[in-house]
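These notebook entries record what I looked up in the structure shown here. I begin with the strands and then turn to the aromatic rings.

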Amino acid sequence: MTERIDWENIKKIAMRDAYGQTLVQLGGQNKDIVVLDADLSKSTKTADFAKVFPERFFNMGIAEQNLMGFSAGLAAAGKVPFASTFAVFATGRAFEQIRNSIAYPKLNVKIAATHAGISVGEDGASHQAIEDLALMRALPNMTVLAPADAEETRQVIKAAAAYKGPVYIRMGRLAVPVLFDQSYKFEIGKANVRREGKDVAIIANGLMVAEALKAAEILNSQGIEATVVNCASVKPLDENTIIAVSQQTGAVVTAEEHNIIGGLGSAVAEVLSENYPVPLCRVGIKDTFGESGRPEELLVKYGLTAAEIVKVAQKVIKKKNCKISA
Amino acid sequence: MTNLKEMACQIRQDIIEMLAAAKSGHPGGSLSAADIVAVLYFSEMRIDPENPSWPDRDRFVLSKGHAAPVLYAALAEKGFFPREELLKLRQTGHFLQGHPDMKKVPGVDMSTGSLGQGISAAAGMALAGKIDNKSYRVYCLLGDGEVAEGLVWEAAMAAAQYKLDNLLVILDNNGLQIDGPNKEVMNSEPLADKWRAFGWNVLETDGHDTGGLNASMEVAKNLRGKPTIILAKTVKGKGVSFMENQAGWHGNAPSSEQADIALKELRGVKA
């Protein structure tokens, strides 16, 4: 598999656009689906649902804690609420409501957050969630999903609606390359090996999957064969696939638009250190807050690029044959 | 028809026995709410102990979750689970948790304990009832120290916005919280004005007068277009002389000797 993608002409769609459309589709199929927002429905795209199903859309105003509390109560009474706002406010402002009113009683609430990561851009660090996966991953009963493109977002939203229990879904603001077509099948708890190579495995999610695929193409031109794993299901994590690609390659790079503490990189490191330790390097935000700027510039400045993955992959491959001396 | 005064007295005895057995827990706010909870479970609410998850049942959310003993006592007296379970409160491997857990205890409609969250979930349940055109009502017991939580007011605003007249909140207004009188710790008055300003009907009654509570709940049922709150004036530790109006009995269990004295007093009331 030495797939080459036409990156210049690839179609780009924002995950949140796919989210809004999928909600409308699901709303028609399941009358129990209700959607709640906290005064950001035009940005999160829940406004699409509100337009078609106004009787099942509830604006909670700028009150994220109450957004989660109402959602918990609706779920306890048999509804399937999708609660949306920006990732910072969903997971940070309302963390303890999610913990005690949703995760602890395992209520059927879907927390669908948009504007995650530094690619929020100009609004700056206050609005750029870099710790949301860590927060949600640490909660028992919580399923954590971070899709890579519009098609995977559609499938993630459908899978979340079909699953009974709390789910956190992480989406970005930007239009991102469409990597999957309808033949792709997302499953909670399953990673997807998108490209296979023997030298290094790159495990990524969110908008870093596209960068990982670009990196694999660059590495290929240097004679290095990379496996690329799209790991939208951060929790439950597909441990079997992660261990298998590590066995096949002996070196792992993780790539995510999230703090290197607590997100996908940490999750993969936890699994491998206990099961199959191999050299591993994490590409991500290096425990720092973001800043204002154009998204593309910020992604470069914070090392969230194919070039950075290539550099880190070369480094981790060199570590493969180094014996650690005591 | 259950004698509500007797039932409240029985619930108070259960509370004392449970807490003495558990050697920890919250007597003050459980005793202050005993009459309110007795009226709800033995007169007001449409519930079926044989079918705790009946979709059309009335719901109760104990937003002041630390008063779990009063709820557990009412559920056991109503027949949701055997009374013997009460004496296993807070013990490892048994289902009566320190704060209500809807996944473990039959009849508990919402897990609570972190203050302010119960009223928000209760309002969500009431909204679900509206969406489905169901006739069930949602009852929520709120603490007067609890109203310092910002989420209480977020929920209050939204309940009025969505005209949740199927939601009845009862405020257990005992005037005390862990660190002392509400007025000194964080003054929440004027409560009636605040709730009215948030778009609620406000009723006031003596929270130990079962007749008055019953009457207020009847009135609330006929108020349309707005949620209603009953400000129920209560005495923290009500029914046990040495606990009454003592903030120190918020979160301390009685010793077995203290429990004996308390039970004698309560049985005396009953006789």
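Entry 1, strands. I began with Leu62(B), which stands opposite Leu141(B) in E2(B). I noted that the model is a predicted one. I then looked up how E1(B) is joined to strand E2 (residues 138-143) of chain B: the two run parallel and four bridges connect them.

Entry 2, the sheet. I found an open sheet of five strands in chain B, in the order E1-E2-E3-E7-E6, with parallel pairing. Its edge strands are strand E1 (59-62) and strand E6 (201-206) of chain B, each pairing on one side only. From one strand to the next, I recorded an average twist of 20°.

Helix H9 (residues 210-221) of chain B lies across E2, E3, E6 and E7 of chain B and runs at about 165° to E6(B).

I asked how the pair of Trp153(B) and Trp195(B) is arranged. The ring centres are 4.7 Å apart and the planes are at 40°, so the pair is tilted. Trp153(B) belongs to helix H6 (residues 150-161) of chain B and Trp195(B) to helix H8 (residues 191-197) of chain B, 42 residues apart. Both Trp153(B) and Trp195(B) are buried. Together with Phe198(B) and Trp200(B), Trp153(B) and Trp195(B) form one aromatic cluster.

I located Arg59(B) over the face of Tyr136(B), 4.0 Å from the ring centre. In chain A, the charged end of Lys214(A) sits over the ring of Trp7(A), 5.1 Å from its centre.

How values were computed. Residues are numbered from 1 along each chain as its sequence is written. Chains are lettered from A and ligands numbered from 1 in the order in which they are written. This is a predicted model: local features need pLDDT of at least 70, side-chain atom pairs count only at pLDDT 80 or more; totals for chains, interfaces and linings use all residues. Side-chain values use heavy atoms; hydrogens and water are left out. Rings of Phe, Tyr and Trp (its six-membered ring) pair if their centres lie within 6.5 Å; planes under 30 degrees apart count as stacked, over 60 as edge-to-face and the rest as tilted. Buried means under 20% relative accessible area, exposed over 50%, partly exposed in between (1.4 Å probe, protein chains only). A charge sits over a ring if NZ of Lys or CZ of Arg is within 6 Å of the ring centre and within 35 degrees of the ring normal. Two strands pair if DSSP finds at least two bridges between them. Axes are lines fitted to C-alpha atoms, for helices over the stretch in contact, and angles run from 0 to 180 degrees between N-to-C directions. Contact means heavy atoms within 4.5 Å.
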